[in-house]
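Dear colleague,

My notes on it follow.

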Amino acid sequence: MAPVPDRLDGAPAVLRRQAEEFLRHGVAAVSPGLRPLAGLDLTAATRLAPLPYDDAGFSARVLRLQLDQSTDQSSRRLSVIARHVDWVAGRLPVGSLRRIFHPLCGPGLFALALRAQGVERYLGVDVGPAVIAFARRVAGQPPAVDFEEGDAQRYRPGRESFSTCLLTYEALNAFPPRRARSLLALVAATMQPGGWLAMDVRRAGDAGPVSGRRCSYHAGGSVFAAGPHLLLDEPTVLGRGAVSGHRFLVVRSEPAVPVTMFHSLVWYYPPATLERLLDCAGFDLEAIEQPFVLDSDVPEAAAPVFVLARRRS
Ligand SMILES: C[S@@+](CC[C@H](N)C(=O)[O-])C[C@H]1O[C@@H](n2cnc3c(N)ncnc32)[C@H](O)[C@@H]1O
């Protein structure tokens, strides 16, 4: 017997039935022909579409989550960001935070937290239109503080060079190895020789068992869709623990509305792989530390570590 769905308050009967079928039989019960995510090899996993952060509606819903101070989903709380920035400032040589490049910057919360650190120039890049609009409104004005809307992977380094690059909230883990290497190479190209890369990275997944399928009803919408819908979550681990992920299905009560699907994958980077990736991009790994646990709900071994690397001269 499948577990009884426990977050379906207010769901219409038709969606409750779909939820029960999904819990018993998996994704094919709601989307015939769809294979379980668990069967995917890593090459196929690299081809899955990323979350649509560049979509205006999705970005607006992500922004709401990023600003919610009751959760660390999508952006960490201001108090955690302040602690993170203090740690970076304390570990880097004086003056290193003068010129900062911050791909996947989110809604400007790091730029705000960096104000007290003597930053002369900060450039954040984020693909989310609502996220960037908010950052521009609250976190500062060009030329000192600037936010560019676009895919960080396509950022073209110009003539300016930065003294430190930040990759926060496990940004590197959002990319499979080849793209992670390209992102690091791009970062290196924006930096002055001897400049610093400071990032938090997940080395490994939670060693515990993969939790099962979950479903929830969202009368007022969720980050994945506006309006009432059933959200089905199929978690999985791929490549013997190299990647963990979720497939989310949005199901409406109107049968004519097709099911929509999202994938969210985390590519883990153990220290040896990380050192290799950094080396290929022209960085020397200087430190991997865990001065405090960023995510209190994640076991210590799976929690992100703080990495400092130096651009070779
Ligand atoms: C998990 S949030 C983290 C935000 C921020 N780094 C922080 O620590 O608060 C991921 C952010 O990256 C942005 N993003 C995702 N993929 C991106 C890409 N390829 N290029 C630029 N931004 C991206 C999203 O819009 C979102 O704001």
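A salt bridge is taken here as a side-chain nitrogen of Lys or Arg within 4 Å of a carboxyl oxygen of Asp or Glu. By this rule the count comes to 15 salt bridges. One of them joins the side chains of arginine 76 and glutamate 170, with an N to O distance of 2.7 Å. This pair links distant parts of the chain, 94 residues apart: arginine 76 sits in the loop between α3 (56–67) and α4 (78–91), and glutamate 170 in the loop between β4 (162–167) and α7 (177–190). Helices (H or I, at least four residues) and strands (E, at least two) are DSSP runs, numbered from the N terminus.

Please note that this is a predicted model, in which local features need pLDDT of at least 70 and side-chain atom pairs count only at pLDDT 80 or more, while totals for chains, interfaces and linings use all residues. Residues are numbered from 1 along each chain as its sequence is written, and side-chain values use heavy atoms, with hydrogens and water left out.

Domains

The protein chain is divided into domain 1 (13–51 + 207–267) and domain 2 (67–204 + 269–311), with bounds from an automatic or database domain assignment. Four residues from domain 1 and seven residues from domain 2 take part in the contact, which means heavy atoms within 4.5 Å. The C-alpha centres of the two domains lie 29 Å apart.

About 500 Å² is buried between domain 1 and domain 2, and carbon and sulfur atoms give 55% of this area. Buried area is the accessible area (1.4 Å probe) that two parts lose on being put together, summed over both. Thr46, Val266 and Trp267 supply 85% of what domain 1 buries against domain 2, more than any other three residues.

Between the domains there are zero salt bridges and two residue pairs in polar contact, both at pLDDT 80 or more. A polar contact is a pair of N or O atoms within 3.5 Å; within protein, one must be able to donate a hydrogen and the other to accept it, and residues adjacent in sequence count only if both atoms are side-chain atoms. Strand β9 (residues 260–267) gives the most to the side of domain 1 that touches domain 2, with three residues.

Ligand

Of the 18 residues around the ligand (a heavy atom within 4 Å), Ser75, Leu104, Asp126, Asp151 and Ala152 come nearest. A polar side-chain atom of serine 75 lies 2.6 Å from a ligand oxygen atom. Ligand nitrogen atoms lie 2.9 Å from a polar side-chain atom of aspartate 151 and 2.8 Å from a polar backbone atom of alanine 152.

With kind regards
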